[in-house]
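This report describes a structure for a reader new to such models. Please keep the sequence and the structure in view while reading.

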Amino acid sequence: MSSLAVHKAPSAAGTTGATQSRPPLRSRIALVPTITLVLGAIYTLLPVAWVIIASTKSGRELFSTFTFLPGTGLADNIKQLNAYRDGVYWKWMGNSALYAGLGALLSTVVSSFSGYALATYRFRGRETMFNVLLAGVLMPPIILAIPQYLLLAKADLTDSYLSVMLPQILSPYGVYLARIYAAAAVPGDVVEAGRMDGASEWRIFTRVALPMMVPGLVTVFLFQFVAIWNNFLLPYIMLSDDEKFPITLGLYTLLEQGSNQPALYTLVITGAFLAVLPLIALFLVIQRFWSLDLLSGAVKS
Amino acid sequence: MTTARRRPYGVKGAPYAFLLPATILFALFFALPIGYAVYLSFRKVHVSGLGLGSGARKEVWAGLENYTDAVTDNELLDGALRVLGYGCIVVPVMLGLALLFALMLDSDKVRFAPFTRLAIFLPYAIPGVVAALMWGFLYLPDVSPFYYLLQKLHMPQPNLLDGGPLYLAMANIAVWGGTGFNMIVIYTSLQSIPAEVYEAAKLDGATPLQIALKIKIPMVAPSLVLTFFFSIIATLQVFNEPMTLKPLTNSLPLTWSPLMNVYADAFRKGDIYQAASEAVIIALATLVLSFGFLRAANRRQKQEATR
């Protein structure tokens, strides 16, 4: 009975705050915070729950039955989605995985190089370079995306995988996180000791610093993975061939077509449900070792 | 002194070598596009005659013409005002909730804390397009459970996808998507407050509410400033959510937000020059706002430190 144990603890310590005796329930659970948080969780889970239930409905059920009752059409809906334009939906999912997976990997590599250099070396132009990079965070995505499109069009690279991949490799926020993490995790004397032993700078980085930076780099990777997976504007501007679309753009075009034929609604809803599923799974798995603290720039040294 | 002689050489070049990939990518995908956008913003197409034949359409210098057009363009201004109104709902509600949830997570004896924390943070992983799509369907009277309930209860059924309520509907999507991230940022800084700070207050008989208001909130002020700052930037740049809601309603113009306006000018009207000048204006406004805000925040912190 864990609740008993929890109950005992505060009453034992209760002598310090013995000004009044509280009802037992309130000393066991803090009601206001618990209820507030549960309400918050209900609010955030509500649309997800709805999309899961709605995806089980056939087109007719969607408009006729109470929406929080599951329907009977999930298998049919998935079959329809598979059949839609020869399974282009799964192509979109695969594309998203490619853009986000490979893009985040390359981004993490570049961030680790830059973050390490900015954190451990003193050199001319260090702060200038860092500040110029950070200003990149503030740039509205569209001021970059439109000229990027026009320039890539000159190189005949638009409407290609590269056109979505390349502009997202450098992440100012990733560099920022990597720098903070390297500064906290890689002690200067360890680097110095490596030099004394005659190791090259590259060797020190790969053998000594990189292993120390791994937890921070996992965060950079996941952050960038989510950012690329969720990106819509850049592929929307760059791509016209729907075989290359990521899932966000694919669902958007599906919805756009669905606006004048509600028959496509079930397809959109099922598509949204299946698109959210891997993200939730990923989220549940990674949250164990994802140092969320780092996301806000806080580092425990 | 052999190491000292050998060292400067390798060490001096090394940081630049490590920064080379980032520098190349920055030059190609940040500096060059920004420079190109600025260049385009001062250009226009001059059409001679009927605009037929080769050489009839020529790119020429436009001076400030695009900028004066952009500033006097009602669409852009209206979009900015719409986004301002939308931001006045999103930022306070989102950060208020984020602070509330963070404080609740940080209090003693909370049940289900890991689960609720994860649940509230979950929308961070869901693309804005999918979020807008899910909520969009919940706003549609035909399929929404809310309308079903309102109908059963014989209550009025507001149209959430039109007029004033549309702002609330749109703000709700942003609040839903952004609260969790901000909550984590604030919660992290709450966790870093050493426990001794509260002990004295607790011994003096301060209530949890008093501790929250008098101790915790002032101590996390820097992270509140940070989240406020990033929320404002994100709000000004809203694009995905209104784009996704558009197919579901007729009351969302293609120029609802400034970014949508830029997109419409560039790719629907095909006037990349006009679009470039608008993009430059938005970027400048963001920069001025950001630096102004950060300076004001710094000054306040310094004042408080010297007090």
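## Annotated spans and helix contacts

Residues 97–118 of chain A are 100% helix and 0% strand, and the end C-alpha atoms of this span lie 30 Å apart. The span belongs to a set of stretches that UniProt, in an unreviewed entry, labels "transmembrane region": residues 29–53, 97–118, 130–150, 170–187, 208–229 and 263–286 of chain A. The model itself is predicted, and the confidence scores are therefore presented before further detail, since low pLDDT means that the predicted coordinates should not be read in detail.

### Confidence

The model scores ipTM 0.86 and pTM 0.86. Chain A has a mean pLDDT of 83, with 85% of its residues at 70 or more. Chain B averages a pLDDT of 86, and 93% of its residues score at least 70.

In chain A, pLDDT stays under 50 over residues 1–20, a stretch with 10 contacts beyond four places in sequence. In chain B, pLDDT stays under 50 over residues 1–9, and the model has two contacts beyond four places in sequence for them. Among the elements of chain B, the highest mean pLDDT is that of helix 3 of chain B (93), and the lowest is that of helix 6 of chain B, residues 145–152 (78).

### Annotated spans

For chain B, the unreviewed UniProt entry lists residues 16–39, 83–106, 118–140, 166–187, 219–239 and 272–294 under "transmembrane region". The table sets out several of the annotated spans.

| Span | Helix | Strand | Distance between end C-alpha atoms |
|---|---|---|---|
| Residues 93–286 of chain A | 79% helix | 0% strand | 20 Å |
| Residues 263–286 of chain A | 92% helix | 0% strand | 37 Å |
| Residues 80–293 of chain B | 75% helix | 0% strand | 19 Å |
| Residues 219–239 of chain B | 81% helix | 0% strand | 34 Å |
| Residues 272–294 of chain B | 100% helix | 0% strand | 32 Å |

### The contact between the chains

How many residues does the contact take from chain B and from chain A? Chain B contributes 84 residues and chain A contributes 78 residues. On the side of chain B that touches chain A, helix 1 of chain B (residues 2–41) gives the most, with 19 residues. By class, this side of chain B comprises 62 nonpolar, 17 polar and five charged residues.

### A helix pair in chain A

Helix 14 (residues 247–258) and helix 15 (residues 265–286) of chain A have axes that come within 9 Å and cross at roughly 165°. Angles over 145 degrees count as roughly antiparallel, and helix 14 of chain A and helix 15 of chain A are therefore roughly antiparallel to each other. Their crossing is left-handed. Helix 14 of chain A contributes Ile247(A), Leu251(A), Leu254(A), Leu255(A) and Gly258(A), while helix 15 of chain A contributes Tyr265(A), Leu267(A), Val268(A), Gly271(A), Ala272(A) and Ala275(A). The residues of this contact are nine nonpolar, two polar and no charged.

### Two partners of helix 10 in chain B

Helix 10 of chain B (residues 221–236) meets helix 3 of chain B (residues 74–106), with axes that come within 10 Å and cross at roughly 145°. This crossing is right-handed. On helix 3 of chain B the contact residues are Val83(B), Tyr86(B), Gly87(B), Val90(B), Val91(B), Met94(B), Leu95(B), Ala98(B) and Leu99(B); on helix 10 of chain B they are Leu224(B), Thr227(B), Phe228(B), Ser231(B), Ile232(B), Thr235(B) and Leu236(B).

Gly178(B), Asn182(B), Val185(B), Ile186(B) and Ser189(B) of helix 7 of chain B meet Ser223(B), Leu224(B), Leu226(B), Thr227(B) and Ser231(B) of helix 10 of chain B. This contact has four nonpolar, six polar and no charged residues.

Key
Residues are numbered from 1 along each chain as its sequence is written. Chains are lettered from A and ligands numbered from 1 in the order in which they are written. This is a predicted model: local features need pLDDT of at least 70, side-chain atom pairs count only at pLDDT 80 or more; totals for chains, interfaces and linings use all residues. Axes are lines fitted to C-alpha atoms, for helices over the stretch in contact, and angles run from 0 to 180 degrees between N-to-C directions. Helices (H or I, at least four residues) and strands (E, at least two) are DSSP runs, numbered from the N terminus. A crossing is left-handed if the near helix is turned anticlockwise from the far one by less than a right angle, and right-handed if clockwise. Two residues are in contact if their C-beta atoms, placed from the backbone, lie within 7 Å. Ala, Val, Leu, Ile, Met, Phe, Trp, Tyr, Cys and Pro count as nonpolar, Asp, Glu, Lys and Arg as charged, and the others, Gly among them, as polar. Angles under 35 degrees count as roughly parallel, over 145 as roughly antiparallel, 65 to 115 as roughly perpendicular and the rest as oblique. pLDDT is the predictor's confidence in each residue, from 0 to 100. UniProt positions are given in the numbering used here, feature names are shortened, and annotations may be inferred rather than shown by experiment.
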